Amino acid sequence: MIEVSAWLVRGAVFLAGEALECLVTFRNPLPPDATSASSEMLAWASAQIHCQFHVSESRVAMPPTEESRHDVQAENETVFVPNRDSYYETLPVDGPPSFRGQAVKYVYKLTIGCQRVNSPIKLLRVPFRVLVLHGLKDYRFPQETDAVATVAPSNPFLEEEEGAAKKDSRLADLATELLMAATSRRSLHLYNISNSRGKVGTFCIFKTVYKIGEDVVGTFNFSEGDVPCLQYLVSLQTEERVQEGFRRQKGAPASFSTHARHQEACLHTARTSFSLPIPLSSPPGFSTNVVSLNWRLHFEFVTSREVSAPGESAPTRTPEGPSSPTSLSSEASSWTGEEQVEVDTLSWDLPINVLPTNPLLASYISQLPSSSSLTL
């Protein structure tokens with residue numbers, strides 16, 4: 001019996017262009033009374049990275065030369081040498097991100113094939129997630145000259161990073177800088193909310209570019225509206241749209257998924273706000289030749305048909321009686337709402353951009369196992 005185990009050293013989430021390192025261990029556990037004849041021989045082992053592409057045949061029409069499921073592999077067939085204990089491969093920088101949609105799925109996994117002598121072949125699969133950050137593909141690291149290398153100080157007590165590992169570290173640092181630069185910009189965006197009867201209010205948001213894991217925060221101001229807003233709903237959604245050349249049916253609608261929502265009754269409310277978290281497990285926006293994924297805020301407003309002057313509230317009704325809420329009488333009275341209110345509905349979509357985050361942060365909450373094992 002041979003036990004084979006695989007462990008992704010840095011976790012199960014990577015950026016496209018980063019290097020994946022997997023520690024592969026082969027063990028031949030023997031009882032104390034075992035002899036040398038009880039040992040097992042490993043015939044061969046191989047490792048490859050695959051991106052499996054799946055489509056929904058009811059939504060996507062692939063060309064005759066394409067298949068509904070094919071693999072996208074790394075450049076090298078394999079760089080796994082069993083006696084070196086680990087597999088090291090750079091992920092293609094131009095590959096698609098991991099995605100499980102309604103029309104298309106991109107699923108990454110590391111497949112380790114091995115065979116014991118005189119036994120069938122077995123496959124060990126370790127799934128992982130890939131995030132794609134546009135812009136890394138076109139970046140060129142400056143070449144270090146020999147003169148710079150000789151002048152640069154060195155620490156004799158620290159091991160120097162190897163070339164591939166050093167470049168991988170610099171790639172992660174660059175991605176962090178690009179994400180910070182893109183998502184830290186703040187600028188006031190004001191939008192007027194109105195319908196055919198007049199102004200409902202204003203919506204304010206300070207940025208429209210986010211990383212997965214961030215919160216989308218917005219505020220409403222209904223104090224200057226002349227159309228009372230009774231209730232609003234804000235949904236954080238993704239729009240999955242099959243590219244026109246691959247649609248099974250022309251004019252087929254896009255598919256929407258809701259990741260967070262906030263609903264609030266806002267009658268007599270002058271100002272209010274919401275905060276919607278972007279799940280770390282959700283996919284950032286992307287586009288391939290087959291499908292595109294975009295993010296948006298979807299708003300729904302329920303407004304009263306009775307228009308009031310700016311600053312005034314929608315009318316309410318009090319029960320008939322000798323007293324009122326402002327009287328000094330000891331008799332009690334209460335305010336009651338209208339039993340029936342004629343309303344209108346208003347919907348609006350605001351596109352936003354959602355980028356990936358640091359893969360180490362996404363690894364902490366990833367539900368993908370970073371290790372797997374089998375027995376030959």
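Are Phe99 and Phe286 buried or exposed? Select both: Phe99 is buried, and Phe286 is buried too. Buried means under 20% relative accessible area, exposed over 50%, and partly exposed in between, with a 1.4 Å probe and protein chains only.

Before going on, note that this is a predicted model, in which local features need pLDDT of at least 70, side-chain atom pairs count only at pLDDT 80 or more, and totals for chains, interfaces and linings use all residues. Residues are numbered from 1 along each chain as its sequence is written, and side-chain values use heavy atoms, leaving out hydrogens and water.

Next, the aromatic rings. Rings of Phe, Tyr and Trp (its six-membered ring) pair if their centres lie within 6.5 Å; planes under 30 degrees apart count as stacked, over 60 as edge-to-face and the rest as tilted. The count by this rule is 18 aromatic pairs. In one of them, the ring centres of Phe99 and Phe286 are 5.1 Å apart and the planes stand at 70°, so this pair is edge-to-face.

Now select Phe220 and Phe274. Their ring centres lie 5.9 Å apart with planes at 40°, so the pair is tilted. Phe220 is buried at 2% relative accessibility, and Phe274 is buried at 3%.

Last, select Cys266 and Cys229. The closest cysteine sulfur to that of Cys266 is in Cys229, 3.5 Å away, which is too far for a bond. A disulfide is a pair of cysteine sulfur atoms within 2.5 Å, and the structure holds zero disulfides. Cys266 is buried, at 1% relative accessible area.
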